[in-house]
Amino acid sequence: MTYSECAAARASGSPPASWCARQAPGAEAWVAVAMESDGKGAYVLSNLAEVVERILSFLPTKALLRAACVCRLWRECARRLLRTQQSIAWVSALEPGPSDSHSLVRALAEELENVHVLPRTVLYIADAETFIGYEECHRQKRARKRNSKETAIALEKLLPKRCQVLGLVAPGIVVTPMGSSSNRPKEIEDGEAGFALLFPKIDGVKIHTFHFFKVFDESKLTEAGLKNNPELRVVLLFVYNSWKPGANRFLNQIINPLNEKSIILAGGYVESLTSLTSENNTEAGDSYGLVGLAFSGPQLQSAAVLLDQDVIDERTVEAAMQRLKAANIPEHNTIGFMFACVGRGYQYYKTKRNLEADAFRKFFPNVPLFGFFGHGEIGCDRIVTGNFILRECNDIKDDLLHGYTTVMTLIHLGSTKANQV
């Protein structure tokens, strides 16, 4: 059952508990049976909000939305619980999927049944080769191209209709396996892989997508909330079709006005843009452009470090991680991003695999790490926290556009009411 079907069921009224039992096994079914077969149980579950809320708290979000159909009491309890689900969740895909679809579609379909979060914003990134590349069709004599548009639509249909979805593909993927934020992150430079970050509505934090392409003027930054916004803390930037003539000039027009010490800028050059649910513009995909996520809110803290071409071995990588650690960003409800050049990875480090991701895990054992290998990097050493912001002391701006480097970034979303990650 999709999120939209859950919403339709709630709008249709309050179906009997037996209907909810058919829709989801486990805790929902147990509750439904208790209500129908035991008078005392039915009374408790129809009148005592504390008991109902405690039981419903064990349900994943999609099951919780279905349980909200039972009666007004359950609906009110479900709403209270949804407001407490303010920790990020993620879905990872590390194994090849069916021949007609990317593995991230299958993983997202399965795991959305289990997460304790209602996504309001989703960032998904998959490997370009299998998301949009050719694959061998064994029943036909010719190669068949996997339809990236169909794959993107399949991913979007799994998510709530009002959810902002930003989807990208890149040459390689950095991903933390599901299950625990302390799992070892993987640098997957070849093969099928992807992830989807699920951001709920978070008190005191605003996350929104933006998109610029082809023609740009600075007034668009204000319209997108990227200028004259005193609470703006972090901007993730992703450039697509950067090889086209005029792309570099276009990018600098956007980056230069945003290059302030009070804002963390980080990101990179991706293969292509696959999803942006706030728009339906086919012309944008044929042009060069820039998309991203903007994070605003007084409780946000962030820091970034640049691993330049002088970082060449385990010792120098760990020295860079120590600089990031010195920012003292809290690890709880924090997410890490790694934007690396395709020229780095195991070949750069003399066949030693996963070196940068492992160094990150050593210094940040409880922070999940995500990102990609791309065609260029955006970022610099910078810290923005509640107690400390590097301020402009002269007119010299940091160099933000790089090649053959890695940018590591931490984003702390503030304290949460519930510990779901």
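Leaving aside neighbours within four places in sequence, Phe 238 is in contact with Leu 123, Leu 166, Leu 168, Gly 267, Gly 268, Val 270, Gly 289, Leu 290, Val 291, Gly 292, Phe 339 and Phe 372. This is a predicted model, in which local features need pLDDT of at least 70 and side-chain atom pairs count only at pLDDT 80 or more, while totals for chains, interfaces and linings use all residues. Residues are numbered from 1 along each chain as its sequence is written, and side-chain values use heavy atoms, with hydrogens and water left out.

**Nonpolar cores**
- A nonpolar core is a set of buried Ala, Val, Leu, Ile, Met, Phe, Trp, Tyr and Cys residues joined through side-chain atoms within 4.5 Å; buried means under 20% relative accessible area (1.4 Å probe, protein chains only).
- The largest such core has 42 residues, of which Phe 238 and Phe 295 touch the most other members.
- Strand β10 (residues 232–240) gives the most to this core, with 4 residues.
- Met 321, Ala 340, Tyr 349 and Ala 359 are among the 26 residues of a second, separate core.

- Helices (H or I, at least four residues) and strands (E, at least two) are DSSP runs, numbered from the N terminus; two strands pair if DSSP finds at least two bridges between them.
- In strand β2 (residues 121–127), 7 of 7 residues are buried.
- Thr 121, Leu 123, Ile 125 and Asp 127 lie on one covered face of β2, with Val 122, Tyr 124 and Ala 126 on the other.
- β2 pairs with β5 (residues 164–170) in the parallel sense over 7 bridges, and Leu 123 has Leu 166 as its bridge partner there.
- β2 also pairs with β8 (residues 194–199), in the antiparallel sense over 6 bridges; Thr 121 stands opposite Phe 199 of β8.

**The six-stranded open sheet**
- An open sheet of 6 strands runs in the order β9-β13-β10-β11-β17-β19, with mixed pairing.
- β9 (206–213) and β19 (401–402) are the edge strands, each with a single partner, so one side of each has no neighbour in the sheet.
- β11 (residues 264–269) and β17 (residues 377–378) run antiparallel and are joined by 2 bridges, with Gly 267 opposite Ile 378.
- Helix α12 (residues 247–258) packs on the sheet, touching β9, β10, β11, β13 (289–296), β17 and β19.

**Annotated segment**
- An unreviewed UniProt entry annotates residues 48–87 as "domain: F-box".
- Residues 48–87 are 70% helix and 0% strand, and their end C-alpha atoms are 27 Å apart.

Definitions and conventions:
Buried < 20%, exposed > 50% of the residue type's maximum accessible area, 1.4 Å probe, protein only. UniProt positions renumbered as here; feature names shortened; annotations may be inferred. Contact = heavy atoms within 4.5 Å. Axes fitted to C-alpha atoms, helices over the stretch in contact; angles between N-to-C directions.
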